[in-house]
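Colleague: Thanks for sitting down with me. Could you walk me through this one, question by question?

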Amino acid sequence: MKRFFYHLARLTLALVFVYAGAVKMQDVVAFAGHVAAYQLLPYAMNYLVAATLPYVEFLAGVMLLLNARVRPALLVIGAMTLVFMAALVSVLLRGLAIDCGCFDPGGGQDVTAGVALLRDIALMVLVVLVWWLRVRIEERGMRNEERGMRKEE
Amino acid sequence: MFNDLKRIGLEACVLIAFGVLVGLSLNHQLLLDAFSGHLVSLPRQIAQESVPIALPIPALIDEVQQVAASGGLIVDARSPEQYAAGHIDGAVSLPLVEIDAALPDFIARIDKNRTLVIYCSGFGCPDSFDLAVRLIESGYTDVRVFEGGYPEWRDAGLPVAGDEQ
């Protein structure tokens, strides 16, 4: 049962980030515009973020999808989500009415900072959940191994 | 436990470094353009679709200041709302979305030999280019496009005007 929830949460998180990365890679310039709308970085730095962030998102998502290097990938995803949340909070505090630019940069549907922040909180919960379940499963695996060894003796 | 965390942290850094490297190598041309201030990324579809008689000349930020100082006119191609919220100081509003209604009045007021610099929201925003093409077609002789647009001007700390200032 624990294993089922682990894989469910892991795959959900993986797909969110693979999708988010892939869709932003398609139009780096438009994504740079979304980053610029946050008015947090100097002009050209927006391009630097737009040119690198989608690939890190995609890669971390793929690692989770493959169930390989799960905790490093979770750390990367958790750190990114924290940065997103900080940026969104600053948007809310400054009262900017911008699209969060979380997913499709070309899409017309605007997602407000408040909704995006709630979504990021849900992602953080998933990150912690996957990490915790992973640790529990590994512990149980180790105990089973010990038991097996004792039987052999 | 501590060694475990160290390893995880290290692997996370490698993961980030790898993603950043891939991103940098795939987008290096765009980044070089952005950091050298040469943002001449004409929207692809426009470059293919129409071949106007003359194309507008791209203008860098210093050139925009020179043109403004020597009697040229800065034209804002964005929507009236965006213009009202904040625009380059001294710019006039000629929104591309209302071009058909606003163009006759603009032609009546502005001499066709005056130097015009068109801008919009930067970042591959096509409106300034489209508007410049329309103005050239209407007979204006010296039309330039400031590709960096309002964001570059504002971030450079140059004078702006509007409600948000």
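**A lysine and its surroundings**

Modeller: Happy to, and let's begin with one side chain. Leaving out residues up to four places away in sequence, Lys24(A) touches Phe31(A), Pro54(A), Glu57(A), Gly101(A), Cys102(A), Phe103(A) and Pro105(A). Keep in mind that this is a predicted model.

Colleague: Is Lys24(A) buried or exposed?

Modeller: Lys24(A) is found in helix H1 of chain A, residues 2-25. Buried means under 20% relative accessible area. The relative accessibility of Lys24(A) is 2%, so this lysine counts as buried.

Colleague: Which side chain does Lys24(A) join in a polar contact?

Modeller: Glu57(A) is among the residues that Lys24(A) touches. A polar contact needs a pair of N or O atoms within 3.5 Å. At 3.0 Å, the side chain of Lys24(A) is joined to that of Glu57(A).

Colleague: How many residues of H3(A) are buried?

Modeller: Helix H3 of chain A covers residues 43-65 and reaches 34 Å from its first C-alpha to its last, close to the 33 Å expected. After H3(A) comes Asn67(A), with a positive phi near 60°. The helix is largely enclosed by the rest of the structure, because its buried residues number 17 of the 23.

Colleague: Which element gives the most to the side of chain B that touches chain A?

Modeller: The elements of chain B giving two or more residues to that side are helix H1 (2-26), helix H2 (28-36) and helix H8 (149-155). With 15 residues, the one that gives the most is H1(B).

Colleague: What share of the area buried between chain B and chain A is on carbon and sulfur atoms?

Modeller: The contact takes 29 residues from chain B and 28 residues from chain A. By class, the chain B side has 17 nonpolar, six polar and six charged residues. Of the roughly 2400 Å² that the two chains bury between them, the share on carbon and sulfur is 79%.

Colleague: Lastly, what percentage of the residues in chain B are buried?

Modeller: Chain B has eight helices and seven strands. Among its contacts between residues at least 6 apart in sequence, 71% join residues at least 24 apart. Of the 165 residues in chain B, the buried ones make up 43%.

Conventions
Residues are numbered from 1 along each chain as its sequence is written. Chains are lettered from A and ligands numbered from 1 in the order in which they are written. This is a predicted model: local features need pLDDT of at least 70, side-chain atom pairs count only at pLDDT 80 or more; totals for chains, interfaces and linings use all residues. Side-chain values use heavy atoms; hydrogens and water are left out. Contact means heavy atoms within 4.5 Å. Buried area is the accessible area (1.4 Å probe) that two parts lose on being put together, summed over both. Helices (H or I, at least four residues) and strands (E, at least two) are DSSP runs, numbered from the N terminus. Ala, Val, Leu, Ile, Met, Phe, Trp, Tyr, Cys and Pro count as nonpolar, Asp, Glu, Lys and Arg as charged, and the others, Gly among them, as polar. The expected span of a helix is 1.5 Å times one less than its number of residues. Buried means under 20% relative accessible area, exposed over 50%, partly exposed in between (1.4 Å probe, protein chains only). A polar contact is a pair of N or O atoms within 3.5 Å; within protein, one must be able to donate a hydrogen and the other to accept it, and residues adjacent in sequence count only if both atoms are side-chain atoms.
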